[in-house]
Amino acid sequence: MGGQSLWLTLVVLVCTDISLAHPLSEGAITGWNLFHQNMKCGTRSAHKRITMSNPIGSISQSCEYTIRAYSTKVCQVRIDFLYLDLEQPRVSNSRPYATCVGDHLTIDGMPFDLCGMLRNQHVYVPFDALRPTDEMRINFRVSTDSYAMWNLEINQIECSHKAALVIPDERQAPDGCLQYFYHPVGRVDSFNFGNLYYGDTRYAICFNRNYNTNAMLELSEITFQMDGIAVPFFDDMCLNSVPTDSKDYIAIPFAEVSNQDPHSLFCGNRWRSRTLLWNWSNCYPR
């Protein structure tokens with residue numbers, strides 16, 4: 001995905017009956033030895049749940065945390081960004097789209113770096129506890145003259161064939177999903193919402209239907225701007241080589257758009273008055 005501006009806010013309604021929960025705070029995991037609060041730069045931790053915040057005062061060029069596997073069943077790490085405030089991405093001479101060329105965050109297993117401002121965002125990162133080096137590095141690269149702030153919560157997820165029986169906050173994300181939403185109602189924002197979005201990214205946002213084959217995904221109250229184009233485009237118009245058209249898009253297979261025929265690719269602008277509906281049965285057999 002390229003381009004210089006993507007604002008995406010989706011209020012999501014999923015027709016399921018699961019209960020709401022705040023990530024990492026249900027209290028089903030107990031015991032002081034499972035929780036490491038306010039991990040320090042340059043240290044290692046094998047705790048199941050970890051919090052980390054920016055050091056007070058000056059920050060050196062690197063603030064690296066090393067996460068070790070809590071058990072041999074760990075296969076994913078969920079990282080919740082309560083807030084992240086780093087230097088904004090910039091458009092450089094070598095690339096026509098914004099990237100994190102200044103202060104940024106690198107996470108082992110993440111397909112791209114993070115920077116700018118994140119609030120109440122999360123990512124799921126694969127973590128193979130059985131590999132020879134069962135470590136994951138979370139590395140903040142920060143210049144000495146900047147004021148970087150972050151507050152993260154880390155949860156190691158143990159995966160097994162009984163994953164459907166665990167509480168929602170302990171659920172494994174499906175393979176290939178960078179973000180995974182399992183609550184019936186919520187809000188989805190693009191990274192660095194309200195500012196420049198990162199170019200050259202490609203990732204999946206997934207929603208849980210709680211085994212309900214009749215579930216519908218409704219996207220409403222949409223704020224959408226991609227590439228600054230002032231009209232909504234669909235499907236092939238998001239892919240062609242016309243300079244005024246876009247090659248940036250969001251794919252929602254066979255989504256029903258209010259007052260429109262179904263479409264699968266969406267780009268452009270002016271989506272504020274639209275509602276998108278997606279039925280799992282359009283793509284998968286009952």
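Mentor: A disulfide here is a pair of cysteine sulfur atoms within 2.5 Å. The model is predicted: local features need pLDDT of at least 70, side-chain atom pairs count only at pLDDT 80 or more, and totals for chains, interfaces and linings use all residues. Residues are numbered from 1 along each chain as its sequence is written, and side-chain values use heavy atoms, leaving out hydrogens and water.

Trainee: How many disulfides does the structure hold?

Mentor: There are five disulfides. In sequence order, the bonded cysteines of the chain pair as 1-2, 3-6, 4-5, 7-8, 9-10.

Trainee: What about Cys75 and Cys159: is their disulfide left-handed or right-handed?

Mentor: The torsion about the S-S bond is about -65°, so the disulfide is left-handed. The S to S distance of Cys75 and Cys159 is 1.6 Å.

Trainee: And where do Cys75 and Cys159 lie?

Mentor: Cys75 is in strand β6 (residues 74-85) and Cys159 in the loop between β12 (149-158) and β13 (177-181), 84 residues apart. Strands (E, at least two residues) are DSSP runs, numbered from the N terminus.

Trainee: Is Cys159 buried or exposed?

Mentor: Cys159 is buried, at 17% relative accessible area, whereas Cys75 is partly exposed at 23%. Buried means under 20%, exposed over 50%, and partly exposed in between, with a 1.4 Å probe and protein chains only.

Trainee: Switching topic, how far apart are the sulfur atoms of Cys177 and Cys206?

Mentor: They are 2.0 Å apart. Cys177 lies in strand β13 and Cys206 in strand β15 (residues 204-207), so the pair ties together parts 29 residues apart in sequence.

Technical notes
Helix = DSSP H or I, 4+ residues; strand = E, 2+ residues; numbered from the N terminus.
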